[in-house]
Amino acid sequence: MSTQGLKLTFDAVYYHVNDMEQSIAFYRDILGLHLTSRDYVARFDIDGVLFELVPNPAGNALPGNGNARLSLGVTDIREATRELESRSVATSPIKSEPGGLLSYFKDPDGNELCLWQSA
(Lines give C-alpha, C1' and ligand atoms only; values in the text may rest on other atoms or scores of the structure.)
Protein backbone atom coordinates (compact mmCIF):
# COMPACT_ATOMS: atom_id res chain seq x y z
CA MET A 1 0.00 0.00 0.00
CA SER A 2 1.44 3.33 -1.00
CA THR A 3 1.46 6.13 1.54
CA GLN A 4 2.34 8.74 -1.05
CA GLY A 5 0.12 11.74 -0.52
CA LEU A 6 -0.78 10.66 3.00
CA LYS A 7 0.02 13.68 5.14
CA LEU A 8 -0.27 12.81 8.81
CA THR A 9 0.10 15.32 11.60
CA PHE A 10 0.15 14.81 15.33
CA ASP A 11 -3.19 15.40 17.02
CA ALA A 12 -3.15 14.14 20.61
CA VAL A 13 -2.48 11.33 23.01
CA TYR A 14 -5.60 10.42 24.98
CA TYR A 15 -6.94 8.04 27.60
CA HIS A 16 -10.54 7.02 28.14
CA VAL A 17 -11.52 7.56 31.78
CA ASN A 18 -14.53 6.51 33.87
CA ASP A 19 -14.58 9.44 36.30
CA MET A 20 -13.61 12.70 34.61
CA GLU A 21 -13.39 14.78 37.81
CA GLN A 22 -11.23 12.21 39.60
CA SER A 23 -8.95 11.90 36.58
CA ILE A 24 -8.62 15.65 36.09
CA ALA A 25 -7.68 15.99 39.76
CA PHE A 26 -5.04 13.26 39.39
CA TYR A 27 -3.36 14.75 36.33
CA ARG A 28 -3.69 18.37 37.49
CA ASP A 29 -3.22 18.13 41.25
CA ILE A 30 -1.05 15.04 41.71
CA LEU A 31 1.08 15.21 38.55
CA GLY A 32 0.96 19.00 38.23
CA LEU A 33 0.01 19.05 34.54
CA HIS A 34 -1.49 22.26 33.14
CA LEU A 35 -5.20 21.92 32.28
CA THR A 36 -5.61 24.04 29.15
CA SER A 37 -9.31 23.53 28.44
CA ARG A 38 -12.33 21.50 29.40
CA ASP A 39 -15.52 20.68 27.51
CA TYR A 40 -16.48 17.10 26.59
CA VAL A 41 -12.78 16.24 27.03
CA ALA A 42 -10.11 17.64 29.34
CA ARG A 43 -6.96 18.90 27.62
CA PHE A 44 -3.52 19.17 29.14
CA ASP A 45 -0.34 20.60 27.65
CA ILE A 46 2.81 18.61 28.31
CA ASP A 47 5.74 20.50 26.78
CA GLY A 48 3.70 21.34 23.69
CA VAL A 49 2.10 17.89 23.37
CA LEU A 50 -1.68 17.69 23.67
CA PHE A 51 -2.82 15.07 26.18
CA GLU A 52 -6.56 14.50 26.57
CA LEU A 53 -8.87 12.71 28.96
CA VAL A 54 -11.95 11.44 27.14
CA PRO A 55 -15.10 10.06 28.82
CA ASN A 56 -15.23 6.29 28.47
CA PRO A 57 -18.09 5.22 26.17
CA ALA A 58 -20.83 3.24 27.95
CA GLY A 59 -20.09 -0.48 27.93
CA ASN A 60 -16.46 0.01 26.91
CA ALA A 61 -14.04 -1.90 29.14
CA LEU A 62 -10.89 0.06 29.89
CA PRO A 63 -7.73 -1.83 28.95
CA GLY A 64 -5.89 -1.27 32.25
CA ASN A 65 -2.24 -1.18 31.34
CA GLY A 66 -2.87 -2.09 27.67
CA ASN A 67 0.01 -1.49 25.29
CA ALA A 68 0.07 2.32 25.24
CA ARG A 69 1.56 4.48 27.95
CA LEU A 70 2.07 8.13 28.64
CA SER A 71 5.79 8.46 29.31
CA LEU A 72 6.86 11.50 31.32
CA GLY A 73 10.49 12.55 31.27
CA VAL A 74 12.22 13.48 34.52
CA THR A 75 15.74 14.56 35.40
CA ASP A 76 15.85 12.68 38.74
CA ILE A 77 13.67 9.57 38.78
CA ARG A 78 14.38 8.79 42.43
CA GLU A 79 13.19 12.23 43.49
CA ALA A 80 10.14 11.95 41.21
CA THR A 81 9.09 8.54 42.56
CA ARG A 82 9.52 9.77 46.16
CA GLU A 83 7.32 12.77 45.33
CA LEU A 84 4.61 10.56 43.77
CA GLU A 85 4.73 8.19 46.76
CA SER A 86 4.30 11.20 49.09
CA ARG A 87 1.12 11.96 47.11
CA SER A 88 -0.17 8.39 47.64
CA VAL A 89 0.70 7.19 44.13
CA ALA A 90 2.32 3.76 44.15
CA THR A 91 5.30 3.44 41.80
CA SER A 92 7.12 0.35 40.59
CA PRO A 93 10.72 -0.21 41.57
CA ILE A 94 13.08 1.83 39.38
CA LYS A 95 14.36 -0.37 36.60
CA SER A 96 17.44 0.10 34.45
CA GLU A 97 16.64 -0.06 30.74
CA PRO A 98 18.82 0.58 27.68
CA GLY A 99 19.28 4.35 27.62
CA GLY A 100 17.94 5.19 31.06
CA LEU A 101 15.83 4.43 34.11
CA LEU A 102 12.11 3.62 34.22
CA SER A 103 9.33 3.46 36.83
CA TYR A 104 5.63 2.74 36.26
CA PHE A 105 2.54 4.02 38.05
CA LYS A 106 -1.21 4.08 37.36
CA ASP A 107 -3.91 6.72 37.15
CA PRO A 108 -7.31 6.24 38.89
CA ASP A 109 -8.64 4.20 35.91
CA GLY A 110 -5.67 1.83 35.84
CA ASN A 111 -4.02 3.44 32.82
CA GLU A 112 -0.30 2.82 33.15
CA LEU A 113 2.09 5.76 32.93
CA CYS A 114 5.83 5.78 33.29
CA LEU A 115 8.60 8.04 34.43
CA TRP A 116 11.69 8.01 32.22
CA GLN A 117 15.11 9.37 33.07
CA SER A 118 17.49 9.35 30.11
CA ALA A 119 21.02 8.19 30.79
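**Entry 1: strand pairing**

I began with the strands and found that β5 and β8 run parallel and are joined by four bridges. Two strands count as paired here if DSSP finds at least two bridges between them. Helices (H or I, at least four residues) and strands (E, at least two) are DSSP runs, numbered from the N terminus. I note that this is a predicted model, in which local features need pLDDT of at least 70 and side-chain atom pairs count only at pLDDT 80 or more, while totals for chains, interfaces and linings use all residues. Residues are numbered from 1 along each chain as its sequence is written, and side-chain values use heavy atoms, with hydrogens and water left out.

Next I looked up individual partners. L72 stands opposite L115 in β8, and G73 stands opposite W116 in β8. W116 is also the bridge partner of L102. I then recorded that strand β7 (residues 100-106) runs antiparallel to β8, with seven bridges between them. The hairpin of β7 and β8 has five residues between the strands, and G110 there takes a positive phi near 85°.

**Entry 2: the chain as a whole**

I counted two helices and eight strands in the chain. Along the sequence they follow the pattern β-α-β-β-β-β-α-β-β-β. Of the 119 residues in the chain, 36% are buried; buried means under 20% relative accessible area, exposed over 50%, and partly exposed in between (1.4 Å probe, protein chains only). Among the contacts with a separation of 6 or more, 50% are between residues 24 or more positions apart; a contact means heavy atoms within 4.5 Å.

**Entry 3: cover on the strands**

Which strand is mostly covered? I found that β8 (residues 112-118) is, with five of its seven residues buried. In β5, I saw a covered face made of L70 and L72, and an uncovered one made of S71 and G73.

**Entry 4: the largest pocket**

I looked up the largest pocket, which holds about 400 Å³ of space. On a 1 Å grid over the protein atoms alone, a pocket is an open set of points where a 1.4 Å probe fits, with protein on both sides within 12 Å along at least five of seven lines; lining residues have an atom within 4 Å of a point. The volume is the space filled by probe spheres set on the points, which are joined across faces, edges and corners.

The lining has 19 residues, and L31, L72, G73, V74 and L115 lie nearest the centre of the pocket. I noted that β3 (42-46), β5 (70-73) and α2 (77-86) each supply at least two lining residues. The largest share, four residues, comes from α2. By type, the lining divides into ten nonpolar, three polar and six charged residues. Ala, Val, Leu, Ile, Met, Phe, Trp, Tyr, Cys and Pro count as nonpolar, Asp, Glu, Lys and Arg as charged, and the others, Gly among them, as polar.

**Entry 5: two single residues**

Is P93 buried or exposed? I recorded P93 as exposed because its relative accessibility is 70%. P93 lies in the loop between α2 and β6 (95-97). Beyond its neighbours within four places in sequence, P93 is in contact with L102 and S103. P93 and Y104 are eleven residues apart in sequence, and their C-alpha atoms are 7.9 Å apart.

S37 has a relative accessible area of 28%, so I list S37 as partly exposed. Leaving aside neighbours within four places in sequence, S37 is in contact with A42 and R43.
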